[in-house]
Amino acid sequence: MSQFLFEIARRLAVVKPLGTPQTTVVLPTRRAAVFLRHHMASLLQKTIWAPDIISIEDFIYSAVGYQPADPIELVFELYSVHREVEGDNARTPDDFFAVAEVMLADFDEVDQHLIDPDVLFNYLHEARAIDLWNPDGASLTDFQKNYLAFYASLTSYYEKLRERMLQKERIWQGLASRMLNDRLADNNTLQLKGPVLFAGFNAFTPAEESIVGKLCKDYGAEVKWDADAWYIENQEQEAGLFLRRYREKRYPAPVDDYPNHFATGSKNITIMGAPLQIAQVKQVGRLLTEAPFTREPGWQSRTAVVLADESLLLPLLNSIPPSAGKFNVTMGLPLRTTPAGSLAELWLELFSNLRPNSEPGVNYYFISDFYRVAMHPLMIKGFGRLREQFDILKKTDRLYISAHELNELFLSGEVLPSQNLSLPVNAIEFIRKVVDRILESTSDEATGDLLLISTATLKDVLTRVQHYLNGFDGPLTMTMLQRLLGQVASSVRIPFAGEPLAGIQVMGMLETRALDFENVIMVGVNDDILPGSGHSPSFIPGDIRTETFGMAGFREKTSVMAYHFYRLLQRVKSAFLLYNNIPGNLGKGEPSRFLLQIKHELPKAMPNISLKEVLISDFPRVTPIAPIVIEKTPEVINKLRFAAGKGFSPTSLSLLVECPLRFYLNRIEGINEPERATLMIESDRFGNAIHDLAEQFLRPLLHKTIAEDDLSIQRETVIDNLTDWFNRNQPDLDCRSGNNLLVFNVAVDYLMNFLKKEREMCTLQKVVPVQLEAVIERVIEIDCDGISESILFKGRADRIDFRNDFPVVIDYKTGTVDPRSVSISMMDTIVEQPKHAKALQLMTYAWMSAGAGGFNPPFLCAIWPLKAPSKALVYLNFADDQQERPRHQGTDRTITSQRLNDFEAVLTTLLTNLFNPAIPFTQTKEIENCRFCPFIELCNRVRPGH
Ligand code: SF4
């Protein structure tokens, strides 16, 4: 296959004086320049002074003698212009920056199209004024007047920005093209050192077209088009739109000489539909080891993987098998998609969430935001030594962390300009210093590490943004900084270092310009990407843009994408074009229309082209997850013994019955749900508050018979007490508004309800509380294969009363209680059925209470469901008719010695099994038990009902 750039190299090598150092070869991209130099070197096999080979962008800037403007600088300068134009009516930078991007893009286009900005913007203003004109003579609203004033001032914005940037000698690309064109039109002699050859172009902007046209006419420049008869001669082919126009007007250069690559040489094209992105990149991995072209020697240097969807770069790199050999990534990775990009975002989010009502000069930030930052892979890499301090912080109940602490923790107290890290200049200084420390602490690691390369790029970006912030005299906000950094992080690309010409080339669609490969694998060939919508935000409406001023519209933009696609195919021998075939929104999942075109047109017209379609039903295979089984090794048994020595609570037993694995993780390994510092009243806090206040109200009545008047506590008093409780236990919480106020009021209702029931009951029976929040303990000895084990049970009984002189052990519950859950007909079922968890807890309390120093049976055990306004005590009972009468409690409620003995036997069996090394800890089979389990992801279980 003869490559386009190879042909250019041959021409340069043999045609004098083209191949001299005085010649300038202008190509679409810098990448193409690298390839052309390589071809010249391989042809000449000797050292020469090569022609100047540059991209068109570099050519134009060097010809006008200005530097390209930094996009961030342009945004800041445009805001200064905005303040100059609008005066006191200027918007904040937050509001203006989104508008600025659109304005800058429009200014660039106006210049690229050589349109007089004054004419265009005045036309726009008048068109808008007509739109808003009211035939009934009604005057415009203030909003409409401002809207018109904005359009009227666009010329002024353009002129002032242009003036500022010219003074700085840094200009945008469109302006550079316009200036060069004007210079050539004014016969202002351009200093060219020799012949100029433009090669590999298809569509110029009007400014470029005029420049090239004048250079051809007046300076003898030449244009070498890279085109094919298939799309030039066929009027229907959008890929040839520009070239046909140039051919017709023979301007900027004639289009007479073009080959017919599609009609010659055999081509094998395979269109592959694959489900989602991941199946596409996996398929690329497979093709790079199994496709027929991989059997040819040196195939790598003739192969390109082209990403129409550039977001697939990282997954693709992970899918290229080592056996495919070397590869070179010529496209950069957007900083925003790397861990370094997300680190800056996380820090800014932290600094934006300043604690409400912070005292002046003391800044506090949410600790939950801090944990997200602290767990970031780069922070772990750079500040791993702080892990212990993070863990200590985690164990506290704090909601906030101060700027001072952050400074101490990460910068060892390095003096910051101020403790207010929510000021953008301080925030960026802080983040930059943190990034510096990460780089310092990792300086001895491999330099090729992507994590570190992206961190170094982040540092450069932060320095750049900091530079502009420091020189900016307008109001700065965190939102603006976030937006700005987000923009820059999206546009800055991490370059991959390597051998640019070695191995398989991995590139984006635009980098393929002027390059040819025998084998092409293209990924992401979907219609929403190729050609895509072609729409960019603009203040210039479509009809005015195309019909009145002849600017490029959707047709032209699509034609450029079509050209890139067809040009890449024109010299291939083998092409695999992959698209995602899972339907999504807005055209996602639709194959590109270009695929449909080649499928219906090429094989019919060209017998040399074989085209086939393949559907890959390759959903990522889901390997069945092996059940989690924890064997009771001697080490596990020792941990079990240790936990048993410290004491199990009655709730632990319920946990064991519900799921042995959850019991093991939580009670033996001590793995808890991550502590969440939150501004909401969590359910455990809610329960603790009610338990504590119930105790507080009853404590003065301990050992006394309760009289109705004793508990005539007013709602206001309950509110005051509850407020005190939250102030003591969770001072950061605001219970005066929002969801917290609702929960607070529910807690007040529960307590009022509790007091009311208490008053009602004491009129019906004699109630004497004898213990409140009493700690009860009991040890049980079991024998496991001749080894004696002592297991301590420990718990806190909410309350023990004498009711009509009969002892009752009472457990408060803030949730609902189904009477069936505390009814047991057979003692064995208490540990066999998780639905009896509450009965198990009550029976364990009963058994513990009857231990040394406790009560002698008979006595009663009951739950007090605080939520139910009508129910007082729900007794543990031994009825067997609950299925028939589910809402009623059985009347056989007495805890007798026999029942305690029966329970102890059941408990012994349960604990013997617990210590039995032959019975491992396993996952529950009852999926319903997983509903509220914090380990649900670890177990890969799905919550019931989801
Ligand atoms: S998710 Fe289910 S199986 Fe896993 S530990 Fe929790 S309760 Fe047990």
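**Salt bridges and a helix contact in the predicted model**

A search of the whole structure finds 50 salt bridges, a salt bridge being a side-chain nitrogen of Lys or Arg within 4 Å of a carboxyl oxygen of Asp or Glu. The model is predicted, so that local features need pLDDT of at least 70 and side-chain atom pairs count only at pLDDT 80 or more, while totals for chains, interfaces and linings use all residues. Residues are numbered from 1 along each chain as its sequence is written, and side-chain values use heavy atoms, leaving out hydrogens and water.

In one of these bridges, the closest N and O atoms of Arg164 and Glu77 are 2.9 Å apart. Arg164 belongs to helix 8 (residues 154-168) and Glu77 to helix 4 (residues 71-86), so the pair ties together parts 87 residues apart in sequence. Helices (H or I, at least four residues) and strands (E, at least two) are DSSP runs, numbered from the N terminus. With 10% relative accessibility, Glu77 counts as buried, whereas Arg164, at 25%, counts as partly exposed; buried means under 20% relative accessible area, exposed over 50%, and partly exposed in between (1.4 Å probe, protein chains only). Both residues take part in a salt-bridge network that also includes Glu73, Glu84, Lys160, Lys168 and Arg170.

A salt bridge also joins Arg641 and Glu789, with the closest N and O atoms 2.9 Å apart. This pair links distant parts of the chain, 148 residues apart: Arg641 lies in helix 26 (residues 634-646) and Glu789 in strand 20 (residues 787-803). Glu789 is buried, with a relative accessible area of 5%, and Arg641 is partly exposed at 33%.
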